[in-house]
Amino acid sequence: MNSTCGHPVNDSSSAIAAPARAINPKPRDWLLLLSLVLIWAVSWPVIKIGVGQIPPIWYGCFRYAIAALILFGVLIARRELALPSSADLPFVVVSGTLQMAAYSALTGLALTILPPGRASVLAFSTPIVVAPLAAWRLGEDLGPKMVAGVLIGCAGTAVIASPSFAVAGKQTLAYAMLMAAATAWAVTIVTVRGHRFASSALSLAPWQMLIAAIVLLPTAISVEGPPPAISPLGAATLVYVAPVATAFAYWAVVEAGRRFAASAMSMALLATPSLGLLISAWALNEPIDVSLVAGVALTATGIRLTIAARRSG
(Lines give C-alpha, C1' and ligand atoms only; values in the text may rest on other atoms or scores of the structure.)
Protein backbone atom coordinates (compact mmCIF):
# COMPACT_ATOMS: atom_id res chain seq x y z
CA MET A 1 0.00 0.00 0.00
CA ASN A 2 1.53 3.32 -1.01
CA SER A 3 0.89 6.77 0.32
CA THR A 4 2.38 10.13 0.95
CA CYS A 5 2.32 9.94 4.68
CA GLY A 6 4.39 7.12 5.94
CA HIS A 7 1.95 4.29 5.82
CA PRO A 8 2.32 0.54 5.15
CA VAL A 9 4.92 -0.18 2.50
CA ASN A 10 3.46 -3.42 1.24
CA ASP A 11 0.48 -3.98 -1.00
CA SER A 12 -2.88 -4.44 0.68
CA SER A 13 -2.56 -8.18 0.29
CA SER A 14 0.50 -8.28 2.54
CA ALA A 15 0.60 -9.36 6.14
CA ILE A 16 1.07 -5.81 7.29
CA ALA A 17 -2.01 -4.38 5.65
CA ALA A 18 -4.63 -7.08 5.32
CA PRO A 19 -5.43 -10.70 5.87
CA ALA A 20 -5.63 -13.13 2.99
CA ARG A 21 -9.35 -12.55 2.55
CA ALA A 22 -11.16 -9.25 2.93
CA ILE A 23 -14.62 -9.22 4.46
CA ASN A 24 -17.61 -7.74 2.63
CA PRO A 25 -17.26 -3.96 2.97
CA LYS A 26 -20.10 -2.14 4.73
CA PRO A 27 -21.17 1.46 4.07
CA ARG A 28 -19.01 2.65 6.98
CA ASP A 29 -16.03 0.85 5.43
CA TRP A 30 -16.53 2.69 2.17
CA LEU A 31 -16.77 5.93 4.16
CA LEU A 32 -13.45 5.11 5.82
CA LEU A 33 -11.78 4.43 2.46
CA LEU A 34 -13.17 7.59 0.88
CA SER A 35 -12.08 9.57 3.94
CA LEU A 36 -8.59 8.15 3.58
CA VAL A 37 -8.36 9.22 -0.06
CA LEU A 38 -9.63 12.70 0.82
CA ILE A 39 -7.26 13.05 3.80
CA TRP A 40 -4.21 12.17 1.70
CA ALA A 41 -5.34 14.36 -1.20
CA VAL A 42 -5.79 17.35 1.10
CA SER A 43 -2.41 16.68 2.75
CA TRP A 44 -0.47 17.74 -0.36
CA PRO A 45 -1.58 21.39 -0.49
CA VAL A 46 -1.49 21.53 3.32
CA ILE A 47 2.13 20.31 3.38
CA LYS A 48 2.91 22.77 0.59
CA ILE A 49 1.74 25.58 2.89
CA GLY A 50 3.53 24.01 5.86
CA VAL A 51 6.97 23.80 4.23
CA GLY A 52 6.56 27.44 3.26
CA GLN A 53 6.38 28.25 6.98
CA ILE A 54 8.74 25.63 8.45
CA PRO A 55 11.93 24.32 6.77
CA PRO A 56 10.94 21.05 5.06
CA ILE A 57 13.27 18.65 6.89
CA TRP A 58 12.29 20.12 10.25
CA TYR A 59 8.67 19.86 9.12
CA GLY A 60 9.06 16.11 8.52
CA CYS A 61 10.82 15.70 11.87
CA PHE A 62 8.03 17.48 13.75
CA ARG A 63 5.38 15.57 11.82
CA TYR A 64 6.71 12.12 12.65
CA ALA A 65 7.62 12.98 16.24
CA ILE A 66 4.05 14.16 16.92
CA ALA A 67 2.48 11.20 15.10
CA ALA A 68 4.73 8.76 17.01
CA LEU A 69 3.71 10.26 20.36
CA ILE A 70 0.04 9.96 19.43
CA LEU A 71 0.33 6.31 18.39
CA PHE A 72 2.45 5.45 21.44
CA GLY A 73 -0.39 6.92 23.51
CA VAL A 74 -2.95 4.83 21.64
CA LEU A 75 -0.97 1.63 22.22
CA ILE A 76 -0.44 2.44 25.90
CA ALA A 77 -4.17 3.05 26.32
CA ARG A 78 -4.88 -0.30 24.64
CA ARG A 79 -2.13 -1.99 26.67
CA GLU A 80 -0.50 -3.15 23.45
CA LEU A 81 2.80 -1.26 23.59
CA ALA A 82 5.78 -3.55 23.00
CA LEU A 83 9.24 -3.35 21.49
CA PRO A 84 9.50 -4.62 17.88
CA SER A 85 10.58 -8.23 17.68
CA SER A 86 14.02 -9.06 16.31
CA ALA A 87 12.29 -10.38 13.18
CA ASP A 88 10.48 -7.07 12.56
CA LEU A 89 13.31 -4.74 13.59
CA PRO A 90 14.99 -4.61 10.13
CA PHE A 91 11.65 -3.65 8.59
CA VAL A 92 11.13 -0.91 11.19
CA VAL A 93 14.59 0.55 10.52
CA VAL A 94 14.38 0.35 6.71
CA SER A 95 10.84 1.69 6.56
CA GLY A 96 11.47 4.46 9.08
CA THR A 97 14.63 5.56 7.27
CA LEU A 98 13.63 5.26 3.61
CA GLN A 99 9.84 5.18 3.35
CA MET A 100 9.27 7.85 6.00
CA ALA A 101 12.38 9.99 6.64
CA ALA A 102 13.86 10.08 3.13
CA TYR A 103 10.45 10.26 1.44
CA SER A 104 9.28 13.08 3.70
CA ALA A 105 12.48 15.11 3.36
CA LEU A 106 12.65 14.76 -0.44
CA THR A 107 8.98 15.51 -1.07
CA GLY A 108 9.06 18.41 1.39
CA LEU A 109 12.07 19.94 -0.36
CA ALA A 110 10.40 19.43 -3.76
CA LEU A 111 7.22 21.12 -2.52
CA THR A 112 9.16 24.29 -1.78
CA ILE A 113 9.66 24.53 -5.55
CA LEU A 114 6.77 22.73 -7.27
CA PRO A 115 2.98 23.00 -7.00
CA PRO A 116 1.52 20.20 -4.85
CA GLY A 117 -0.80 18.63 -7.42
CA ARG A 118 1.94 18.00 -9.97
CA ALA A 119 4.25 16.78 -7.20
CA SER A 120 1.70 14.33 -5.80
CA VAL A 121 1.33 12.52 -9.13
CA LEU A 122 5.06 11.80 -9.33
CA ALA A 123 5.30 10.90 -5.66
CA PHE A 124 2.60 8.26 -6.20
CA SER A 125 4.54 6.64 -9.04
CA THR A 126 6.18 4.10 -6.72
CA PRO A 127 4.55 1.00 -8.33
CA ILE A 128 6.26 1.90 -11.61
CA VAL A 129 9.66 1.89 -9.88
CA VAL A 130 8.97 -1.27 -7.88
CA ALA A 131 8.55 -3.48 -10.97
CA PRO A 132 12.07 -3.13 -12.46
CA LEU A 133 13.64 -3.11 -8.98
CA ALA A 134 11.91 -6.38 -8.09
CA ALA A 135 12.99 -7.91 -11.39
CA TRP A 136 16.61 -6.92 -10.77
CA ARG A 137 16.83 -7.62 -7.03
CA LEU A 138 14.39 -10.51 -6.58
CA GLY A 139 14.40 -12.09 -10.02
CA GLU A 140 10.69 -11.47 -10.55
CA ASP A 141 9.42 -11.85 -14.11
CA LEU A 142 8.54 -8.73 -16.06
CA GLY A 143 5.64 -9.81 -18.25
CA PRO A 144 4.46 -7.80 -21.27
CA LYS A 145 1.75 -6.03 -19.29
CA MET A 146 4.18 -4.94 -16.59
CA VAL A 147 6.79 -3.80 -19.12
CA ALA A 148 4.11 -1.77 -20.88
CA GLY A 149 3.01 -0.31 -17.55
CA VAL A 150 6.54 0.73 -16.63
CA LEU A 151 7.17 2.33 -20.04
CA ILE A 152 3.84 4.15 -20.09
CA GLY A 153 4.30 5.31 -16.51
CA CYS A 154 7.80 6.59 -17.25
CA ALA A 155 6.42 8.44 -20.27
CA GLY A 156 3.82 10.01 -17.98
CA THR A 157 6.41 11.24 -15.50
CA ALA A 158 8.48 12.67 -18.36
CA VAL A 159 5.44 14.52 -19.73
CA ILE A 160 4.63 15.96 -16.30
CA ALA A 161 8.20 17.16 -15.87
CA SER A 162 8.51 18.36 -19.49
CA PRO A 163 7.91 22.08 -18.76
CA SER A 164 11.10 22.09 -16.69
CA PHE A 165 13.25 20.72 -19.53
CA ALA A 166 13.34 24.09 -21.26
CA VAL A 167 14.43 25.90 -18.08
CA ALA A 168 16.85 23.54 -16.33
CA GLY A 169 17.37 24.52 -12.73
CA LYS A 170 15.46 24.22 -9.48
CA GLN A 171 12.39 22.63 -11.09
CA THR A 172 14.44 19.88 -12.68
CA LEU A 173 16.11 19.23 -9.32
CA ALA A 174 12.69 19.10 -7.65
CA TYR A 175 11.41 16.49 -10.11
CA ALA A 176 14.58 14.48 -9.53
CA MET A 177 13.94 14.63 -5.76
CA LEU A 178 10.39 13.35 -6.25
CA MET A 179 11.59 10.40 -8.31
CA ALA A 180 14.28 9.74 -5.69
CA ALA A 181 11.52 9.75 -3.05
CA ALA A 182 9.47 7.26 -5.07
CA THR A 183 12.60 5.13 -5.48
CA ALA A 184 13.32 5.20 -1.73
CA TRP A 185 9.81 3.91 -1.10
CA ALA A 186 10.19 1.28 -3.82
CA VAL A 187 13.48 0.07 -2.30
CA THR A 188 11.65 -0.37 1.01
CA ILE A 189 8.91 -2.42 -0.63
CA VAL A 190 11.39 -4.67 -2.45
CA THR A 191 13.55 -5.04 0.66
CA VAL A 192 10.73 -6.28 2.86
CA ARG A 193 8.79 -8.24 0.22
CA GLY A 194 8.07 -11.71 1.54
CA HIS A 195 8.79 -10.70 5.14
CA ARG A 196 6.60 -12.47 7.69
CA PHE A 197 5.52 -9.96 10.28
CA ALA A 198 5.54 -10.99 13.93
CA SER A 199 3.65 -7.87 15.04
CA SER A 200 0.67 -5.90 13.80
CA ALA A 201 1.05 -2.83 11.60
CA LEU A 202 -0.35 -0.58 14.32
CA SER A 203 2.09 -1.84 16.95
CA LEU A 204 5.06 -1.20 14.62
CA ALA A 205 3.89 2.20 13.34
CA PRO A 206 5.08 4.44 16.21
CA TRP A 207 8.49 2.78 16.20
CA GLN A 208 8.82 3.41 12.45
CA MET A 209 7.85 7.04 12.99
CA LEU A 210 10.25 7.38 15.91
CA ILE A 211 13.09 6.11 13.69
CA ALA A 212 12.06 8.65 11.03
CA ALA A 213 12.11 11.51 13.54
CA ILE A 214 15.50 10.40 14.92
CA VAL A 215 16.99 10.23 11.41
CA LEU A 216 15.54 13.60 10.40
CA LEU A 217 16.64 15.44 13.56
CA PRO A 218 20.43 15.58 12.93
CA THR A 219 19.79 16.01 9.20
CA ALA A 220 17.60 19.04 9.87
CA ILE A 221 20.15 20.55 12.26
CA SER A 222 23.02 20.10 9.81
CA VAL A 223 21.13 21.30 6.73
CA GLU A 224 18.63 23.84 8.07
CA GLY A 225 20.14 24.93 11.38
CA PRO A 226 18.61 24.92 14.87
CA PRO A 227 14.89 24.31 15.47
CA PRO A 228 12.90 27.13 13.88
CA ALA A 229 10.19 29.25 15.41
CA ILE A 230 6.83 27.84 14.32
CA SER A 231 4.32 30.34 13.00
CA PRO A 232 0.60 29.94 13.76
CA LEU A 233 -0.01 28.92 10.13
CA GLY A 234 2.79 26.35 10.23
CA ALA A 235 1.44 24.95 13.50
CA ALA A 236 -2.05 24.74 11.98
CA THR A 237 -0.76 22.61 9.10
CA LEU A 238 1.02 20.28 11.55
CA VAL A 239 -2.22 19.91 13.49
CA TYR A 240 -3.69 18.39 10.35
CA VAL A 241 -0.70 16.54 8.90
CA ALA A 242 0.65 14.83 12.04
CA PRO A 243 -2.49 13.60 13.87
CA VAL A 244 -4.86 13.28 10.89
CA ALA A 245 -2.85 12.61 7.72
CA THR A 246 -0.19 10.52 9.47
CA ALA A 247 -1.32 8.93 12.77
CA PHE A 248 -5.03 8.51 11.98
CA ALA A 249 -4.48 7.71 8.31
CA TYR A 250 -2.05 4.94 9.22
CA TRP A 251 -4.71 3.27 11.36
CA ALA A 252 -7.31 3.92 8.64
CA VAL A 253 -5.31 2.27 5.86
CA VAL A 254 -4.74 -0.81 8.02
CA GLU A 255 -8.44 -1.04 8.87
CA ALA A 256 -9.48 -0.46 5.26
CA GLY A 257 -7.01 -3.09 4.12
CA ARG A 258 -8.77 -5.63 6.29
CA ARG A 259 -12.13 -4.88 4.69
CA PHE A 260 -11.35 -4.46 1.00
CA ALA A 261 -9.74 -6.63 -1.63
CA ALA A 262 -6.20 -5.58 -2.53
CA SER A 263 -7.21 -4.58 -6.05
CA ALA A 264 -10.04 -2.37 -4.75
CA MET A 265 -7.68 -0.64 -2.33
CA SER A 266 -5.04 -0.04 -4.98
CA MET A 267 -7.51 1.39 -7.47
CA ALA A 268 -9.22 3.59 -4.89
CA LEU A 269 -5.93 5.08 -3.76
CA LEU A 270 -5.04 5.88 -7.39
CA ALA A 271 -7.66 8.62 -7.09
CA THR A 272 -5.57 10.41 -4.46
CA PRO A 273 -3.17 12.38 -6.71
CA SER A 274 -5.93 13.36 -9.15
CA LEU A 275 -8.12 14.58 -6.29
CA GLY A 276 -5.11 16.32 -4.76
CA LEU A 277 -4.54 18.05 -8.07
CA LEU A 278 -8.12 19.35 -8.16
CA ILE A 279 -7.92 20.52 -4.54
CA SER A 280 -4.63 22.28 -5.23
CA ALA A 281 -6.11 23.97 -8.29
CA TRP A 282 -9.02 25.22 -6.20
CA ALA A 283 -7.19 26.16 -2.99
CA LEU A 284 -3.82 27.34 -4.32
CA ASN A 285 -4.73 28.29 -7.91
CA GLU A 286 -2.41 25.64 -9.31
CA PRO A 287 -2.63 25.75 -13.12
CA ILE A 288 -3.73 22.58 -14.91
CA ASP A 289 -2.21 22.48 -18.37
CA VAL A 290 -2.13 19.93 -21.20
CA SER A 291 1.17 18.39 -20.12
CA LEU A 292 -0.18 17.79 -16.62
CA VAL A 293 -3.44 16.21 -17.77
CA ALA A 294 -1.64 13.99 -20.29
CA GLY A 295 0.99 13.05 -17.73
CA VAL A 296 -1.62 12.15 -15.11
CA ALA A 297 -3.45 9.95 -17.62
CA LEU A 298 -0.25 8.17 -18.70
CA THR A 299 1.06 7.72 -15.16
CA ALA A 300 -2.26 6.38 -13.89
CA THR A 301 -2.43 3.96 -16.83
CA GLY A 302 1.11 2.76 -16.14
CA ILE A 303 0.41 2.23 -12.44
CA ARG A 304 -2.84 0.44 -13.26
CA LEU A 305 -1.05 -1.95 -15.62
CA THR A 306 1.78 -2.74 -13.19
CA ILE A 307 -0.66 -3.38 -10.35
CA ALA A 308 -2.87 -5.57 -12.54
CA ALA A 309 0.17 -7.54 -13.73
CA ARG A 310 1.33 -8.10 -10.16
CA ARG A 311 -2.13 -9.27 -9.08
CA SER A 312 -2.39 -11.79 -11.93
CA GLY A 313 1.23 -12.95 -11.61
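Buried residues, meaning those under 20% relative accessible area with a 1.4 Å probe and protein chains only as cover, make up 51% of the 313 residues in the chain. This is a predicted model, in which local features need pLDDT of at least 70, side-chain atom pairs count only at pLDDT 80 or more, and totals for chains, interfaces and linings use all residues. Residues are numbered from 1 along each chain as its sequence is written, and side-chain values use heavy atoms, with hydrogens and water left out.

The chain exposes about 13,000 Å² (Shrake-Rupley method, 1.4 Å probe), and carbon and sulfur atoms supply 70% of that area. Its secondary structure comes to 13 helices and 0 strands; helices are DSSP runs of H or I with at least four residues, strands are runs of E with at least two, and both are numbered from the N terminus. Contacts (heavy atoms within 4.5 Å) tell us about the fold too: among those between residues at least 6 apart in sequence, 89% join residues at least 24 apart.

Let us turn to one helix pair. The axes of α1 (residues 27–53) and α10 (residues 243–259) come within 9 Å and cross at roughly 145 degrees. Such axes are lines fitted to C-alpha atoms over the stretch in contact, with angles running from 0 to 180 degrees between N-to-C directions. On the α1 side, the meeting residues include Leu-32, Leu-36 and Trp-40, and on the α10 side they include Phe-248, Trp-251 and Arg-259. The residues of this contact divide into 13 nonpolar, 1 polar and 3 charged, where Ala, Val, Leu, Ile, Met, Phe, Trp, Tyr, Cys and Pro count as nonpolar, Asp, Glu, Lys and Arg as charged, and the others, Gly among them, as polar.

Now for the aromatic rings. A search of the whole structure finds 4 aromatic pairs. Rings of Phe, Tyr and Trp (its six-membered ring) pair if their centres lie within 6.5 Å; planes under 30 degrees apart count as stacked, over 60 as edge-to-face and the rest as tilted. Two of the pairs are set out here.

| Pair | Centre to centre | Angle of planes |
|---|---|---|
| Phe-72 and Trp-207 | 4.9 Å | 80 degrees |
| Tyr-103 and Trp-185 | 4.6 Å | 75 degrees |

Phe-72 lies in α2 (residues 56–77) and Trp-207 in α8 (residues 201–224), so this pair ties together parts 135 residues apart in sequence. Phe-72 is buried at 14% relative accessible area, and Trp-207 is buried at 18%.

The pair of Tyr-103 and Trp-185 is edge-to-face. Tyr-103 belongs to α3 (residues 89–111) and Trp-185 to α7 (residues 170–192), 82 residues apart. Tyr-103 counts as buried at 1% relative accessibility, and Trp-185 counts as buried at 1%.

Terms used:
Buried means under 20% relative accessible area, exposed over 50%, partly exposed in between (1.4 Å probe, protein chains only).
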